[in-house]
Amino acid sequence: METAEQNTKQVMEENEALKQLIELLNQQDMDRQSQDFMGIFWYVAGMQMQLTAMVDELQGVREQLSQMQENQPKSVTEKLMDKVAHLQEKITSLSECLSLVRNSLVETAQQAVSAFKEKGKAEMCKVLQTGISGVKSMLSDYRERLVDVMT
């Protein structure tokens, strides 16, 4: 897992990249695009938070199951523990997938700002369109993995 210092550094870099893009979009009278981009970013961040909460809850379930082992047949609790551990791994994997989506959004923001500075608004729009298209593909993959976890 990441250290608190690495996490803080990442959040600061994300904030700076996103801040620059949002300011730039607003300066270019692209308020709707700015809101859409940030909406996607916050949606992904929210899903990540929910998955983290699920992993924490599953850890609590595992602890409760370990306490139940004394009262239940060993094979029953072992099977349940294995299933919970497997589910916890899958949810952690989903969270990692969302981290990739989030990183892709930040990278798109950085590239869009650079494209604007070098080549102008049209190039920035192309970079944003390409980046969002990639994120759409990643979220589609995420959806398939989520359906797999749910079934």
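How many aromatic pairs does a search of the whole structure find? In this predicted model, the search returns 1 aromatic pair. The pair is formed by Phe41 and Trp42, whose rings are arranged edge-to-face, with 5.2 Å from centre to centre and 80 degrees between the planes. A pair of aromatic rings is described by the distance of the centres and the angle of the planes. The two partners may also be described by their accessibility. Phe41 counts as buried because its relative accessibility is 2%, a value under the 20% limit. Trp42, by contrast, counts as exposed because its relative accessibility is 53%, a value over the 50% limit.

The nonpolar interior was examined next. In soluble globular proteins, nonpolar side chains tend to be buried together. The largest nonpolar core in the model comprises 35 residues. Within this core, the residues with the most contacts are Leu21, Phe37, Leu105, Met124, Leu128 and Tyr142. Four helical elements, namely α1 (4-27), α2, α3 and α4, each give two or more residues to the core. The largest share comes from α3, which supplies 13 residues.

Rolling a probe the size of a water molecule over the atoms shows where empty space is left. The second largest pocket has a volume of about 190 Å³. Of the elements, α2 gives the most, with 5 residues. Sorted by class, the lining of the second largest pocket holds 6 nonpolar, 2 polar and 2 charged residues.

Because they stand 4 residues apart in helix α2, Asp36 and Arg32 are separated by about one helical turn. Their accessibilities fall into separate classes: Asp36 is partly exposed, at 38% relative accessibility, whereas Arg32 is exposed, at 59%.

Across the whole structure, the search for salt bridges finds 2. Lys90 is partly exposed, its relative accessible area being 23%. Asp148 likewise counts as partly exposed, at 42% relative accessibility.

A backbone feature was noted at Asp29. This residue has a positive phi of about 55 degrees, although it is not a glycine. Asp29 is located in the loop between α1 and α2. With a relative accessibility of 69%, Asp29 counts as exposed.

Technical notes:
Residues numbered from 1 in each chain as written. Predicted model: local features only at pLDDT ≥ 70, side-chain atom pairs only at ≥ 80, totals over all residues. Heavy atoms only, no water. 1 Å grid on protein atoms, 1.4 Å probe; cavity = no way out; pocket = protein on both sides within 12 Å on 5 of 7 lines; lining within 4 Å. Points joined across faces, edges and corners; volume = space filled by probe spheres on them. Nonpolar A, V, L, I, M, F, W, Y, C, P; charged D, E, K, R; others polar. Salt bridge = Lys/Arg side-chain N within 4 Å of Asp/Glu carboxyl O. Buried < 20%, exposed > 50% of the residue type's maximum accessible area, 1.4 Å probe, protein only. Phe/Tyr/Trp six-rings, centres within 6.5 Å; stacked < 30°, edge-to-face > 60°. Core = buried A, V, L, I, M, F, W, Y, C linked by side-chain atoms within 4.5 Å.
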